[in-house]
Amino acid sequence: SRVVRTSHACAGLVSHRVTTQSRPRRPANGRDPTGAALPMPAETTNPRAPQPKSVAVIGAGAAGIIAGKELMDLGHRVEIFEQTAAMGGVWAYTDDTEEDLLGLDPKRKRVHGSMYANLRTNLPREVMGVSDFPFDTSFEGSSDHRTYPAHTEVLQYLKAYASRFDVLDNVRFSTAVESVAPSFEEGGKVLRHWTVSVARPTPDASSHKPPDSSLERETKTFDAVVVCNGHYSAPRLPTYEGQDSFAGLQLHSHNYRRPDAFVGQNLVVVGAAFSGSDISQELLDHGAGAVYLSGRNWEDLAARSVDSADSEGTRQVIKVADVKRLVPGTKSVEFIDGRVIDDVDVVMYATGYLYHFPFFDESPVECRIEDNRVENLYQHVFLPHMAPSLSFIGIPWKVVPFPLFELQARWIGNLLSGVISLPSEQAMRDDIEKTYKALGDLPKRYTHRFDAESQGEYAKWLGKQCGEEDRAWPAWRRDMYLVSGQNRRTNGIDFREYDLRELGAREAYETFEAETEASRVMC
């Protein structure tokens, strides 16, 4: 096949685009990330020039900015709608929080951001970067050169990326997408285009006007819609007996920003993944009383000290079992192993987030979410009956996000151009069923979860669809990612202070640095 290579001067590695007939090979094991048989690679159309489309991208976070750049590279006419006044999505920090600290009221005024002030990445910066704009320390505005930088460095990287590729010229800020609906012809069987209704504040909007009268509305049509609105803004909350009458404070970590407000208070943090662990340690380090971290899968829980200090007197986060209930009318919390902790001032839920697509609420688009699974998505991207003109980027979780967004966007862009095509609708539905069966007894909410091996296979499969299998999941990225994961498991909360080169990733770093330097020499 013939592949066009588009080089962006001094921006990073050369990018590849399929432009004529090709038939990418199947992955070596023929399986998808959950173990189900992968579908046949995308069939190609007749060799012809790509057909540019008009594309609406919802959201100017990392996924939307990366999608915009990739689609523009392929000649598509892109318009990106961002409801806030700034790009960056979850990486755009705000001190604002919601009045409903648990996020239960569907009519509440929502705050999109969930970033807390002192957050640092849990992945090495180099692993996080996209293929043609390395996340090293040479981009404009870089100031935090640590391996695991603060969120401000990630936002600056995204800003530099957007500036380098002129993406922001295509973003309409402070413009919320209210509805997305398909238009059909030929008796409702052929999808003609998409109608996107948006709203933005009028130039004379003020707090004295009724909210609805301060909005200027517009409806536009597009050939395609790419959903990039993220999934870290709608809190996911467990249900326990006694929540309604607990005498202490309850909040979701979505509304946590700084530790200062919790000095001297006793807290139970529910959820022991990255956010729960990091926040618990931060609270303890900044003067909280006792901090209990509740998780489902602690090893050797019975051997943990019940005191908040180790043998040298250093205060520690105390690991406890999963919560059974909040004792009604009190400040006590009971755990499934029978333990009860009294005088709990705060219960904080670091229990994740829900997928949320409010612009489909009144739309004929059948986008169902059950147990936090987006139902009937082919390869986590397409609803078969509306593919490829409606797509989703960034649904998978526990992944290296930015490179995944890039690969998904390239696949979508090539499909919209007509250079490659999808399997039949029935074949896509059959593949979805195989994927679901392969989950076995796992709850639906784990459908979009990946591990190191499965995301590597998924990345390679996406790469093959676009004729760039060799670059989709390079060995240096895989090795650096694996060493970082082992570092977290071995060194716990202090993992960010270790040099990954000394832990087995030296060759990966050398390869990354050599490839990055070579790309600059080519300019």
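Mentor: Welcome! Two strands pair if DSSP finds at least two bridges between them. Helices (H or I, at least four residues) and strands (E, at least two) are DSSP runs, numbered from the N terminus. This is a predicted model, in which local features need pLDDT of at least 70, side-chain atom pairs count only at pLDDT 80 or more, and totals for chains, interfaces and linings use all residues. Residues are numbered from 1 along each chain as its sequence is written, and side-chain values use heavy atoms, with hydrogens and water left out.

Trainee: In what order do the three strands of the open sheet lie?
Mentor: Strands of a sheet pair through backbone hydrogen bonds, either parallel or antiparallel. Here the pairing is antiparallel. The edge strands, each pairing on one side only, are β7 (176–185) and β9 (215–222).

Trainee: How much does the twist average from one strand to the next?
Mentor: Axes for such angles are lines fitted to C-alpha atoms, for helices over the stretch in contact, and angles run from 0 to 180 degrees between N-to-C directions. From one strand to the next, the twist averages 20°.

Trainee: Over how many bridges do β7 and β8 pair?
Mentor: One place to look is Pro182, which stands opposite Trp194 in β8. Four residues lie between the two strands of this hairpin, where Glu186 takes a positive phi near 55°. The antiparallel bridges of β7 and β8 number nine.

Trainee: Which residue in β9 is the bridge partner of Val196?
Mentor: Strand β8 covers residues 190–201 and pairs with β9 in the antiparallel sense over eight bridges. Val198 has Glu218 as its bridge partner in β9. For Val196, the partner is Lys220.

Trainee: What kind of aromatic pair do Tyr232 and Tyr353 form?
Mentor: Rings of Phe, Tyr and Trp (its six-membered ring) pair if their centres lie within 6.5 Å; planes under 30 degrees apart count as stacked, over 60 as edge-to-face and the rest as tilted. The structure holds 29 such pairs. In this one the centres are 5.9 Å apart and the planes stand at 75°, which means that the pair is edge-to-face.

Trainee: How far apart in sequence are the parts that Tyr232 and Tyr353 tie together?
Mentor: Tyr232 is partly exposed at 39% relative accessibility, while Tyr353 is buried at 16% (buried means under 20% relative accessible area, exposed over 50%, partly exposed in between, with a 1.4 Å probe and protein chains only). Tyr232 lies in the loop between β10 (224–227) and β11 (234–235), and Tyr353 in strand β20 (residues 353–354), so the distance in sequence is 121 residues.

Trainee: In which helix do Phe402 and Phe405 both lie?
Mentor: Their rings form a tilted pair, 6.2 Å centre to centre with 40° between the planes. Phe402 is buried at 2%, and Phe405 is buried too, at 11%. Both belong to one aromatic cluster, whose members include Trp91 and Phe165. Three residues apart, about one turn, they lie in helix α5 (residues 401–417).

Trainee: Over which ring does the charged end of Lys69 sit?
Mentor: A charge sits over a ring if NZ of Lys or CZ of Arg is within 6 Å of the ring centre and within 35 degrees of the ring normal. Arg501 lies over the face of Tyr509, at 3.9 Å from the ring centre. For Lys69, at 4.7 Å from the centre, the ring is that of Phe165.

Trainee: How many salt bridges does a search of the whole structure find?
Mentor: A salt bridge is a side-chain nitrogen of Lys or Arg within 4 Å of a carboxyl oxygen of Asp or Glu. One of them joins Arg258 and Asp95 at 3.4 Å, N to O. These two lie 163 residues apart. The whole search finds 37.

Trainee: Is Glu153 buried or exposed?
Mentor: Glu153 forms a salt bridge with Arg125, with the closest N and O atoms 2.6 Å apart. Glu153 lies in helix α3 (residues 151–164) and Arg125 in helix α2, so the pair ties together parts 28 residues apart in sequence. Arg125 counts as buried at 1% relative accessibility. Glu153, at 1%, also counts as buried.

Trainee: How many disulfides does the structure hold?
Mentor: A disulfide is a pair of cysteine sulfur atoms within 2.5 Å. Cys466 is buried at 1% relative accessibility, and Cys367 is buried at 16%. The number of disulfides is zero.
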